[in-house]
Amino acid sequence: MNIQEPNEEINENNNENTNNQRAITHIITLCLTVCIMYILSMTIFDFGHVDGISMEPTFNDKDIEIAIYIKNKEFKRGDIVNIDSVALERSIVKRIIGLEGDVICIENGKFYLNNKEFKEDYIQDDVDYSKHNGLFVIVPKGYIFVMGDNREESNDSRNFGCICKTEVRSKVLITFK
């Protein structure tokens with residue numbers, strides 16, 4: 001009967017070693033994951049949150065966002081971007097409406113882009129642009145014109161002018177509630 005006792009001791013030691021190895025493996029995996037996420041957040045992905053109601057109904061206040069850093073500063077109309085605004089001295093999230101050379105005009109409560117009334121399916125219907133009547137902008141080279149999707153509540157290029165492309169930090173990919 002004494003023969004079984006050493007085997008039990010060996011089994012207990014093996015189980016203890018296996019548990020220690022698993023714990024070490026989990027700790028190493030966690031550390032590597034944190035390091036990789038940090039590197040990605042500093043080089044490829046930008047993590048942030050929406051502050052305010054200016055992008056409703058697309059994004060809501062406090063939504064978490066994942067964006068990708070923009071290196072080449074090539075944009076498309078409709079891109080949603082994170083901007084480190086010099087004029088506002090803070091970061092903002094807005095949609096690109098006007099690109100270099102575009103003509104922006106607001107007349108009789110309507111928004112015109114390149115002499116055509118601009119209609120968008122992602123904003124609320126019947127937006128009244130009257131408080132910006134008379135706005136006329138030709139977007140300069142190296143700049144973009146941005147607006148929040150909640151047109152009547154957004155502080156955007158209609159108020160502070162065009163944004164220099166170098167102020168754009170990242171392009172929003174997805175958000176989470």
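The legends below describe several close-up views of one predicted model.

This is a predicted model, in which local features need pLDDT of at least 70, side-chain atom pairs count only at pLDDT 80 or more, and totals for chains, interfaces and linings use all residues. Residues are numbered from 1 along each chain as its sequence is written, and side-chain values use heavy atoms, with hydrogens and water left out.

**View 1. The largest nonpolar core has 14 residues.** A nonpolar core is a set of buried Ala, Val, Leu, Ile, Met, Phe, Trp, Tyr and Cys residues joined through side-chain atoms within 4.5 Å, where buried means under 20% relative accessible area, exposed means over 50%, and partly exposed lies in between (1.4 Å probe, protein chains only). The members that touch the most other members are Ile97, Ile104, Phe111, Tyr129, Leu135 and Phe145. At least two residues of this core come from each of strand E5 (103-107), strand E6 (110-113) and strand E9 (143-147); strands (E, at least two residues) and helices (H or I, at least four) are DSSP runs, numbered from the N terminus. Apart from this core lies another, of 10 residues, including Val81, Ile92, Ile96 and Ile144.

**View 2. An open sheet of 4 strands has the order E7-E6-E5-E8.** The pairing in this sheet is antiparallel, and two strands count as paired if DSSP finds at least two bridges between them. Strand E7 (116-117) and strand E8 (136-138) are the edge strands, each pairing on one side only. Between E6 and E7 there are 2 bridges, and Tyr112 stands opposite Glu117 in E7.

**View 3. Strand E3 (80-85) pairs with strand E4 (residues 90-98) and with strand E11 (residues 168-176).** Because 5 of its 6 residues are buried, E3 is largely enclosed by the rest of the structure. E3 and E4 pair in the antiparallel sense over 6 bridges, with Asn82 opposite Val93 in E4. The hairpin of E3 and E4 has 4 residues between the strands, and Glu89 there takes a positive phi near 60°. E3 and E11 also run antiparallel, joined by 3 bridges, and the bridge partner of Val81 in E11 is Lys171.

**View 4. Lys76 lies in the loop between strand E2 (64-69) and strand E3 (80-85).** Lys76 counts as exposed because its relative accessibility is 53%. Not counting residues up to four places away in sequence, Lys76 touches Ile96, Leu99 and Lys171, where contact means heavy atoms within 4.5 Å. Lys76 and Ile96 are 20 residues apart in sequence, yet they are 7.3 Å apart in space, C-alpha to C-alpha.
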